[in-house]
Amino acid sequence: MALLLKTSSDRGPWWREEFGKALPDLEFRLWPATGRAEDIEFALVWKPEPGFLRALPKLKVIFSLGAGVDHIFEDPHLPEGVPIVRLVDEQLTRQMVEYAVLHTLRFHRQVPGYEAQQRDKRWHELPQKMTRERRVGVMGVGEIGGAVARKLAGFGFDVAGWARTERKIEGARVFAGRGQLTPFLGRSEIVVCVLPLTPDTTDILNARAFAAMPRGSYVISIGRGGQLVETDLLAALDSGHLAGAALDVFREEPLPASSPLWTHPKVTLTPHVAAITDPRSALSQVVENIGRVRRGLAPLNVVDPKRGY
Ligand code: GLV
């Protein structure tokens, strides 16, 4: 019986080595060398080809190579009844927290403004808010967003969260549901979006959302590109309503060279690297789940196809 890995990164051989150490009895196959479809019991995937998973008759579990599973649900022909497992990985959460903190502090401490002044050799002090006066809003307060909100609250920021349903986060007020989105945005000067991509969250960062935020606010988009209406963001930056944006995810990846985001003076962007799945840390839960399935137990961290995460 075999496990198939489909990744768009060059970390395939690394995964092979780590799997070989942890599960030497499991045959490891690296896409596109899939071999006999009947042998494949487990698939660990990033952006599987539509229809491909359905053609694996013995498939027992689909593992996402990332925390998000939208790249799997994009396949309209998924096999029925095969559980889909998302990655819940401490290291991945830690990296997302680092990225959110990095850019929140960067905006809070006016680094883009000072960088511009340095280019002009200008020695000038910009006004600085106290941390407790800076209202940060975290959209999505599950596994990753909850950790982001708690860490930012630990710095002393005035943190609120927004979620689909009521939740409790230590040190942060949580706004829940669409009805509370506008008041949440209205108090948030730095919005960090870590939501999963679902039909409900598609295009959620749009002109209306930006208009609800206070003038001079910032956006940090590290959930999924499909949540951000890029033309609305550019308009809000150009009008001066938004002061800056840090973007790691895009509607089209790689971001096309023609995108005005690349060169916009108020945009900092990275190529979807806020968190990178590291086999050394992510492998153990895949191994644990394979062990559970072999013992006849349900895997952990199965997503709800109706909810989409
Ligand atoms: C990365 O985007 C992930 O889903 O982990």
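Leaving aside neighbours within four places in sequence, which residues is arginine 109 in contact with? The legends below begin with that residue. The model is predicted, so local features need pLDDT of at least 70 and side-chain atom pairs count only at pLDDT 80 or more, while totals for chains, interfaces and linings use all residues. Residues are numbered from 1 along each chain as its sequence is written, and side-chain values use heavy atoms, with hydrogens and water left out.

**Figure 1. Surroundings of arginine 109.** Arginine 109 is in contact with Tyr114 and Gln128, its neighbours within four places in sequence being left aside; contact means heavy atoms within 4.5 Å. Arginine 109 sits in the loop between helix 3 and helix 4 (111-119). Helices (H or I, at least four residues) and strands (E, at least two) are DSSP runs, numbered from the N terminus. Between the C-alpha atoms of arginine 109 and alanine 243, 134 residues apart along the chain, the separation is 13 Å.

**Figure 2. Packing of helix 3 and helix 5.** The axes of helix 3 (residues 90-108) and helix 5 (residues 143-155) cross at roughly 45° and come within 9 Å. Axes are lines fitted to C-alpha atoms, for helices over the stretch in contact, and angles run from 0 to 180 degrees between N-to-C directions. The two helices, helix 3 and helix 5, are therefore oblique to each other; angles under 35 degrees count as roughly parallel, over 145 as roughly antiparallel, 65 to 115 as roughly perpendicular and the rest as oblique. Helix 3 contributes Leu92, Thr93, Met96, Val97, Ala100, Val101, Thr104 and Leu105 to the contact, and helix 5 contributes Glu143, Ile144, Ala147, Val148, Lys151, Leu152 and Phe155. By class, the contact of helix 3 with helix 5 holds 11 nonpolar, 2 polar and 2 charged residues (Ala, Val, Leu, Ile, Met, Phe, Trp, Tyr, Cys and Pro count as nonpolar, Asp, Glu, Lys and Arg as charged, and the others, Gly among them, as polar).

**Figure 3. Packing of helix 1 and helix 9.** Helix 1 (residues 12-22) packs against helix 9 (residues 279-294) at an angle of about 50°, and their axes are 10 Å apart. That angle makes helix 1 oblique to helix 9. Trp14, Trp15, Glu18, Phe19 and Ala22 in helix 1 meet residues of helix 9, including Leu283, Val286 and Ile290. The contact of helix 1 with helix 9 has 10 nonpolar, no polar and 2 charged residues.

**Figure 4. The ligand site.** Trp46, Gly66, Ala67, Gly68, Leu92, Arg224 and His272 surround the ligand, each with a heavy atom within 4 Å of it. Polar backbone atoms lie 2.7 Å from a ligand oxygen atom at alanine 67 and 2.8 Å from a ligand oxygen atom at glycine 68. Arginine 224 places a polar side-chain atom 2.7 Å from an oxygen atom of the ligand.

**Figure 5. Backbone at proline 32, proline 254 and lysine 47.** The peptide bond from tryptophan 31 to proline 32 is cis, with omega near 5°, and proline 32 is in the loop between strand 2 (27-30) and strand 3 (40-45). Glutamate 253 and proline 254 are also joined by a cis peptide bond, with omega about -5°. Lysine 47, a residue other than glycine, has a positive phi near 50° and lies in the loop between strand 3 and strand 4 (61-64).

Key. A polar contact is a pair of N or O atoms within 3.5 Å; within protein, one must be able to donate a hydrogen and the other to accept it, and residues adjacent in sequence count only if both atoms are side-chain atoms.
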